[in-house]
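Dear colleague,

Please find below the structure that I am handing over to you. My findings come after it.

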Amino acid sequence: MSYEDITLTAGDAEVTVQPGNGGRVGGLRVGGVELLRQGAKFGCFPMVPWCGRIRDGQFRDGGVVRQMPLNAPPNAIHGTARNGPWRTARTDATEAVITYDLVEPWPHPGRVTQIAALTEDSLTLTMAVEAHDSSFPAQIGWHPWFHRNLGTGDDVRVDFAPGWQEERGEDHLPTGRRVEPKPGPWDDCFGMPDGVDVTLTWPGQLELKVTSREEWVVVYDEQEAAVCVEPQTGPPNGLNTLPRLVTPIEPLEAAMTWTWRRL
């Protein structure tokens with residue numbers, strides 16, 4: 001089985017998709033400038049079948065409590081699909097389709113399909129989770145690491161107008177209370193009921209908009225090197241607080257688009 005990197009090109013934009021490294025987008029270059037932090041754990045990885053932290057790594061699955069590995073003790077974080085190889089189903093110059101079969105430690109068989117579609121000024125990532133035989137709760141999201149600085153000029157500016165902020169407890173998990181949005185730095189989940197719409201601006205260089213029909217976004221800018229803007233189908237710990245049920249006849253689907261322009 002080949003897990004070779006896939007290169008998509010459109011105009012002066014180039015995207016690297018890495019099926020063998022958790023199905024992540026390993027790079028996005030616009031006019032030769034790399035926008036994503038480089039490294040095996042960075043780029044932009046899919047969060048599936050859950051996003052962010054699950055409290056104590058446990059979630060209720062019908063009448064059963066499931067335990068996921070505590071890869072961010074005392075919690076489990078960011079799903080399982082970023083840890084395994086994905087298969088390439090189809091690819092051409094501007095689009096790649098890759099798939100991942102859910103395996104242990106996830107308790108239910110299913111398949112995740114991710115499509116990366118590039119144009120001269122945008123990248124759209126679409127993901128779907130299908131259940132093979134039994135229904136299960138799931139989430140979809142993406143975790144991009146955008147460079148804080150593109151090598152010249154000022155650091156990136158993050159602009160968005162959320163409807164609310166999920167109050168964050170000392171354990172970094174939402175308490176269930178919605179509060180007025182607070183100024184950064186953030187490792188926080190926000191609600192955008194009209195859909196995610198966040199603008200990243202590298203002054204004098206590039207503007208990039210992150211949009212999604214989903215209404216949840218985590219913004220993480222506490223690292224010196226990068227800023228993360230993560231659209232997702234529910235808040236952290238959402239398998240417990242806001243589960244979305246995937247059934248054999250009803251998959252869970254989501255999409256995210258990055259659109260850029262030079263300044």
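This is a predicted model: local features need pLDDT of at least 70, side-chain atom pairs count only at pLDDT 80 or more; totals for chains, interfaces and linings use all residues.

Residues are numbered from 1 along each chain as its sequence is written, and side-chain values use heavy atoms, with hydrogens and water left out.

A nonpolar core is a set of buried Ala, Val, Leu, Ile, Met, Phe, Trp, Tyr and Cys residues joined through side-chain atoms within 4.5 Å; buried means under 20% relative accessible area, found with a 1.4 Å probe on protein chains only. The largest such core holds 63 residues, and L28, L200, L208, W258 and W260 have the most contacts inside it. A second, separate core has eight residues, including M47, C51, Y220 and A226.

T199 lies in strand 21, residues 196–202 (strands are DSSP runs of E, at least two residues, numbered from the N terminus). T199 counts as buried because its relative accessible area is 13%. Its side chain makes a polar contact with the side chain of K209, at 3.1 Å (a pair of N or O atoms within 3.5 Å; within protein, one must be able to donate a hydrogen and the other to accept it, and residues adjacent in sequence count only if both atoms are side-chain atoms).

The whole structure contains zero disulfides, a disulfide being a pair of cysteine sulfur atoms within 2.5 Å. The sulfur of C189 is 9.5 Å from the closest cysteine sulfur, in C51, so the two are too far apart for a bond. C51 is buried at 0% relative accessible area, and C189 is buried at 4%.

Yours sincerely

Key
Buried means under 20% relative accessible area, exposed over 50%, partly exposed in between (1.4 Å probe, protein chains only). Helices (H or I, at least four residues) and strands (E, at least two) are DSSP runs, numbered from the N terminus.
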